[in-house]
Amino acid sequence: MQTHEHDVIIVGGGPTGLMLAAELALAGVDAVVVERKPTQARVGDRAGGLHARTLEILDQRGIVDRFLAEGKTHPRVSFHAALDISDFPTRHNYLLALPQEKTERLLAAWADELNVRIVRDRDVDGIECDADGVDVTTTQGARMRARWLVGCDGGRSRIRKLAGIGFPGWDASTSWIIAEVRMTEKPVLGFHEDASGRHAMSMLEDGVTVGVVLAGRDPQAAGEPSLDEVAAGLNAIYGTDFGVHSPTWLSRFSDAVRQADRYRNGRILLAGDAAHIHPPLGGQGLNLGVQDAVNLGWKLAQVVKGVSPDSLLDTYQAERHPAAARVLRNTIAQGVLRRPDDRTPVLGEFVAEMLAMDEPRKRFGAMIAGLDIRYDLGEGHPLLGRRMPDLDIVTAAGPTRVYALLHEARPVLLNFAATYAADRVQRVDATTDGVCELPVVGAVPLPAAVLVRPDGHVAWAGDGGAEGLRAAVAAWFGA
Ligand SMILES: Cc1cc2nc3c(=O)[nH]c(=O)nc-3n(C[C@H](O)[C@H](O)[C@H](O)COP(=O)(O)OP(=O)(O)OC[C@H]3O[C@@H](n4cnc5c(N)ncnc54)[C@H](O)[C@@H]3O)c2cc1C
């Protein structure tokens, strides 16, 4: 058996693991991804899009154009009704329709450029933790060791179970079959609603494979469905099985909602679906995972490098657990509004009427788009804890914008009307004519200076006295 030494082992090379690996690589940390699947090849499509905040995050790293080039933008997001976000104060005031497979391929290519090592065809089946690190074993007999381990291994996370982290929540009340198949008869494309729920069929890009979603399945069903089960479901719903054959993907999902009761146990952390699962209403899961990764990456990097104590990692749970909990709850609410009984649609009508009003549209649209997140960093300027808007600015080097300063994932002290300086952060003196406007909140006064974390959130916003700045730099970027 071979022993490898790494700073961080990431188990799972889905969107969360790939984003985290790239963030750690940007910070100069040696992270290796261990992935069960032998190749990056497409398996089946789950997520269909990226929301505004995720696009902003990719913009912060200078790679958003790659994603925009492969997808199609839509001005609306969905919470029970379609909510127009085209008037939102962000450069990415839309949903980008982009199949998960493409998102993963683009993230993997970026990670590759950053020299991230992905060890494929390895299924992690054991972990052993001691005071200095974690040993990992795979079913293929490989053994690796790292100082930290992050489970990004999806909703059925083995790492979560091995780490003894609880996963409380709501059991499934219904489930769906999702499949990619061929048919000898012409499929009925689009949605089809009946007493068992909302079913769907769509033609995939190759023009011959049909994507099928069948609602109202057994909530207890587990494991991969058989082709016979798909055929029986089609028959019951559409009165024919369409001559279904040659499946390339058969899977299920349910409305179970669960969240890890802690995101860290010693040297083991969780991110993405490993930490939270919910039904795909509003299309938020992948986005949450990428945002977890960007919150965790720079913090873990600082702990690995000894810049910050490992208590910095407690802020990962403090910030991301509530963010995911809110998404979990909004998917429960959306699921309840879709219940196939006689009376629920009446409630739905009233909710839709409310959402057509401007203020609710903005609030719910920002929630689904991930633009309303405010980490609780105490009282202060309205920017504190929120994402920094991507203002057009002029610096000594010429015109630029705030997100361009975050490409290297390093903290930035932006002086607008002050001359503050601090160790361990890049200082940029800038002017702006831009209005500092936040989604939902509206225009806020531009502070004299802001301290922006590598994840784009504001750690300090000040108008007088450097004491607060010193404390914020020490708290976030090491004493
Ligand atoms: C039908 C459906 C539609 C969806 N639509 C959307 C949407 O529109 N928008 C959205 O944001 N989200 C959507 N989601 C959710 C989204 O797919 C997930 O939230 C996302 O894939 C989570 O990413 P992840 O990297 O955390 O986990 P995963 O994508 O599950 O990745 C985990 C990785 O870990 C690997 N792995 C697992 N165990 C091991 C092991 N023991 N050893 C090594 N490797 C391992 C797996 O092979 C996998 O590659 C949808 C989900 C479903 C089911």
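Colleague: In what order do the 3 strands of the open antiparallel sheet stand?

Modeller: Keep in mind that this is a predicted model. β12 (169-170) and β21 (276-277) each have a single partner strand, so they stand at the edges, and one side of each is left without a neighbour in the sheet. The pairing in this open sheet is antiparallel, and the order is β12-β18-β21.

Colleague: Let's do helices. How far apart are the end C-alpha atoms of α6?

Modeller: Helix α6 (residues 227-238) has 12 residues, and at 1.5 Å a residue they should span 16 Å. The model agrees with that, as the end C-alpha atoms are apart by 16 Å.

Colleague: How wide an arc do the buried residues of α6 cover around the axis?

Modeller: The residues in question are Val230, Ala231, Gly233, Leu234, Ile237 and Tyr238. They sit on the same side of α6, because the arc they cover is only 165°.

Colleague: Which exposed residues does the face of α6 turned away from its buried side carry?

Modeller: Start from the covered side: what lies over the buried residues of α6 includes β13 (175-183), β14 (190-194), β15 (197-203), β16 (210-217) and β17 (244-254). The face turned away from the buried side carries exposed residues, namely Asp228 and Ala236.

Colleague: What follows α6?

Modeller: Look for a residue with a positive phi, near 80°.

Colleague: Now the ligand. How far does a polar side-chain atom of Asp273 lie from an oxygen atom of the ligand?

Modeller: There are 32 residues around the ligand, and Glu35, Arg46, Gln100, Asp273 and Leu286 come nearest. Backbone atoms take part too: a backbone N or O atom of Pro15 lies 3.3 Å from a ligand oxygen, and one of Gly48 lies 3.0 Å from a ligand oxygen. For the polar side-chain atom of Asp273, the distance to an oxygen atom of the ligand is 2.7 Å.

Colleague: Is Gln291 buried or exposed?

Modeller: Gln291 lies in helix α7 (residues 285-304). Leaving aside neighbours within four places in sequence, Gln291 is in contact with Arg53, Thr54, Ile57, Arg320 and Ile373, and a polar contact of 3.0 Å joins its side chain to that of Thr54. The cut-off for buried is under 20% relative accessible area. Gln291 has 8%, so it is buried.

Colleague: What about Gln334: what is its relative accessibility?

Modeller: Gln334 is found in helix α8, which has 24 residues and reaches 35 Å from its first C-alpha to its last, close to the 34 Å expected. Among the buried residues of α8 are Glu319, Arg320, Asn330 and Gln334. Not counting residues up to four places away in sequence, Gln334 touches Ser78, Phe79, His80, Leu281, Gly282, Gln284 and Ile368. Gln334 counts as buried, with a relative accessibility of 5%.

Colleague: Last one: how far apart in space are Val33 and Val116, C-alpha to C-alpha?

Modeller: Val33 lies in strand β2 (residues 31-34) and counts as buried at 0% relative accessibility. Beyond its neighbours within four places in sequence, Val33 is in contact with residues including Ile10, Gly12, Ala21, Val116 and Ile118. In sequence, Val33 and Val116 are 83 residues apart, but in space, C-alpha to C-alpha, the separation is 7.7 Å.

Notes: Residues numbered from 1 in each chain as written. Predicted model: local features only at pLDDT ≥ 70, side-chain atom pairs only at ≥ 80, totals over all residues. Heavy atoms only, no water. Helix = DSSP H or I, 4+ residues; strand = E, 2+ residues; numbered from the N terminus. Expected span 1.5 Å × (residues − 1). Buried < 20%, exposed > 50% of the residue type's maximum accessible area, 1.4 Å probe, protein only. Arc of directions from axis to C-beta. Contact = heavy atoms within 4.5 Å. Near = heavy atom within 4 Å. Polar contact = N/O pair within 3.5 Å; in protein donor to acceptor, adjacent residues only side chain to side chain. Pairing = 2+ DSSP bridges.
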